[in-house]
Amino acid sequence: MKTLELKRVSATAAPAPGVREQATVSKYIDTTSCIGCKACEVACQEWNDLPAETTVQLGTYQTLPELTPNLWNLIRFNELDHDGALRWLMRKDQCMHCGDPGCLKACPAPGAIVQYMNGIVDFNQEACIGCGYCMTGCPFNIPKLNQKTQRVYKCTLCSDRVSVGLEPACIKACPTGCLQFGTKTQMLDLAGKRVAQLKGQGFEHAAVYDPPGVGGTGVVTVLAYGDQPELYALPKDPTIPLAVRIWKTPLKWLGSLAMTFGVVGTVLHYLRYGAKKAEE
Amino acid sequence: MDATRRDFLKAGAATLSALGFDLQPAYAQARELKIARTTETRSTCPYCSVSCGVIIHTLGDKSKNVRPSVVHVEGDPDHPINRGSLCPKGVTLKQDIVNDRRLTQVLYRAPGSDRWEPRSWEFAIDRIARLFKQTRDARLREDCNALTAVGVIGGCTDSNENNYLLGKAFRAGLGVIPLEQQARI
C-alpha cells in the first residue's frame with residue numbers, strides 16, 4: 001500500500017500514515033555540463049504521454065517562456081555576458097521536490113498534494129479542486145493550472161518509475177550525464193566533488209543549490225555562478241511566502257477558534273433567548 | 001455576493017479542512033507503470049551514425065488475438081554505445097513508429113509526373129532490377145569491375161551479417177563503388 005509511504009498529506013490534521021523508512025531520492029543537475037539538447041524535455045513528454053505544446057520564438061532555443069500544465073520540464077537558456085564573452089547558463093527547470101513543500105502547505109484540498117517517504121512531492125489530480133493555492137505557495141513558480149480540466153499539474157519525479165526502482169525518464173535520457181539520480185546523500189556527494197573541480201578550473205563562486213529555506217530540495221543543482229542563482233532564474237533564498245505561512249499556521253488556529261466559539265455562542269444564545277419571532 | 005455553486009463548495013471545503021475535518025481519506029497512488037507488462041524488443045535507433053541501442057516496449061503478450069502496439073521506446077542500458085541514454089530525436093522514436101504519416105506502402109512517382117501513386121512491391125523490385133541492369137550494362141568498367149553510376153544505401157540498423165552480405169553482393173559481386181548508409185548522409 002502506498003499509504004505507508006506518505007510523509008505529508010495536504011490539508012489533513014491527522015498525522016500522515018507513512019512508516020516505511022526510505023532514503024530521500026534526488027535528481028542531480030550539473031548546469032555546467034548541460035548542452036541544452038532537450039532530450040530530458042522530450043523524454044518527459046514521451047513518458048508522461050503529454051500532448052505537444054505549440055512553441056514560442058523567444059530569440060533563444062528555449063521551448064516556452066514558462067512551464068505549462070502539459071510541459072513539466074523546461075530547459076531555460078539563460079545567457080550571461082561575461083567580460084564580453086557569452087556564457088550559456090542552461091538549467092533544467094522542473095519541480096524542485098522541496099523538503100518542506102510550499103504547495104503542500106498552501107493546499108486546502110485533503111490529499112491533493114502528498115509527499116512520499118522518499119521525498120517525492122506528488123499531485124493527486126483526483127482530489128485537486130483547482131483553486132491554484134499551490135501556485136501561490138510555490139517559490140519556484142512550478143505548478144500550472146490546466147484551464148480545461150481545472151486541475152494543477154507538475155513534474156511527478158516519475159513516481160511511477162521510481163516506485164519500481166527505475167530512474168526518472170529525464171535522467172535516463174541525458175546523453176552528457178549532467179543529470180544523475182540517486183539518494184540525496186549520493187547526489188550531494190557528487191555535487192560537492194563537481195564544485196571542487198569547478199573551483200579548480202577558475203569558477204571560484206561555484207556552489208551547490210540546495211536552499212535550506214524550503215527544507216532543501218529534491219533537486220541538487222550545481223551552479224558555476226553559485227553566488228548569483230538569479231542568473232539561472234532561481235530565487236536566491238526561496239522560502240514559503242509569508243502570507244501562506246501566516247494563513248496556514250496562526251490564522252488557521254485563530255479561525256478554528258473563532259468558528260468554534262461562534263457555534264457554541266449561537267447554541268447558547270438559542271438556549272437562552274430562543275428563536276427570533278417576527279413581529280406582526 | 002454573487003457566488004456560484006463551485007465557489008460555495010470551495011469555500012465550504014476550505015472552511016471544513018481549516019477546522020481539521022477530513023473530507024475524504026487521503027488517497028495516494030502513483031500511476032501504474034505503463035511498461036509493466038510490455039514485450040521488450042531490442043533495436044537500434046535509425047537516425048544517426050552513433051546507432052544507439054533502444055528498447056521498444058510493445059503492448060500485448062503476443063497472443064494470437066491481439067494486435068500489438070508500441071507504447072514506449074527508451075534507451076537500452078545494456079547497449080555499450082549509449083548505456084541507456086538517448087538524444088531528443090531518439091527519445092521520440094515512438095512517434096516514428098506510431099504515426100499517421102508513416103509510409104506503409106510503395107509509392108511511385110513516374111518520370112515527369114507530379115504525383116505519387118501506390119504500387120506493389122513486385123513492381124518496385126522489378127523496376128529497380130531492370131534499371132540497375134540497364135545502367136550497369138552501359139557504365140561498368142569491366143577491366144576492374146567498378147561501377148560508379150549506381151549507389152547502394154544500407155542502414156545503421158542493419159546487422160553485421162546484413163552488411164557483410166550487402167558488401168559481398170554489391171561491391172564484390174556487382175562492382176558498385178558508392179556503398180553508403182543513411183547515417184553518414
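Guide: The questions that follow set computed values against the definitions behind them.

Visitor: What kind of model is this, and how are its parts numbered?

Guide: This is a predicted model, in which local features need pLDDT of at least 70 and side-chain atom pairs count only at pLDDT 80 or more, while totals for chains, interfaces and linings use all residues. Residues are numbered from 1 along each chain as its sequence is written, and chains are lettered from A and ligands numbered from 1 in the order in which they are written.

Visitor: How many helices and strands does chain A have, and what makes a run count as one?

Guide: Chain A comes to 8 helices and 11 strands. Both are DSSP runs numbered from the N terminus: a helix is H or I over at least four residues, and a strand is E over at least two.

Visitor: Why are strand 3 and strand 4 of chain A said to pair?

Guide: Pairing requires that DSSP find at least two bridges between two strands. Strand 3 (residues 74-82) and strand 4 (residues 85-93) of chain A are joined over 9 bridges in the antiparallel sense, so they pair by this definition. In this arrangement A:Leu80 stands opposite A:Arg87 of strand 4. The two strands of chain A form a hairpin with 2 residues between them, and A:Asp83 in the turn has a positive phi of about 50°.

Visitor: Why does B:Asn145 count as partly exposed?

Guide: B:Asn145 is in the loop between helix 4 and strand 6 of chain B. Its count of C-beta neighbours inside 10 Å is 14, so B:Asn145 is partly exposed. B:Asn145 also has a positive phi of about 50° although it is not a glycine.

Visitor: Is A:Gln150 buried or partly exposed, and where is it found?

Guide: A:Gln150 is found in the loop between strand 7 (144-146) and strand 8 (151-153) of chain A. With 14 other C-beta atoms within 10 Å, A:Gln150 is partly exposed. Its phi is positive, about 55°, although A:Gln150 is not a glycine.

Visitor: What makes helix 8 of chain A hardly covered, and how does its span compare with the expected one?

Guide: The count of buried residues among the 24 residues of helix 8 of chain A is 0, and it is hardly covered. The expected span of a helix is 1.5 Å times one less than its number of residues. Helix 8 (residues 250-273) of chain A reaches 34 Å from its first C-alpha to its last, close to the 34 Å expected. After helix 8 of chain A comes A:Gly274, with a positive phi near 75°.

Visitor: How do you know where the domains of chain A lie, and what distance separates their centres?

Guide: Domain bounds come from an automatic or database domain assignment. For chain A this assignment gives domain 1 (2-227 + 234-239) and domain 2 (244-273). The centres of these two domains of chain A, taken over C-alpha atoms, are separated by 39 Å.

Key: Buried ≥ 20, exposed ≤ 12 C-beta atoms within 10 Å, placed from the backbone.
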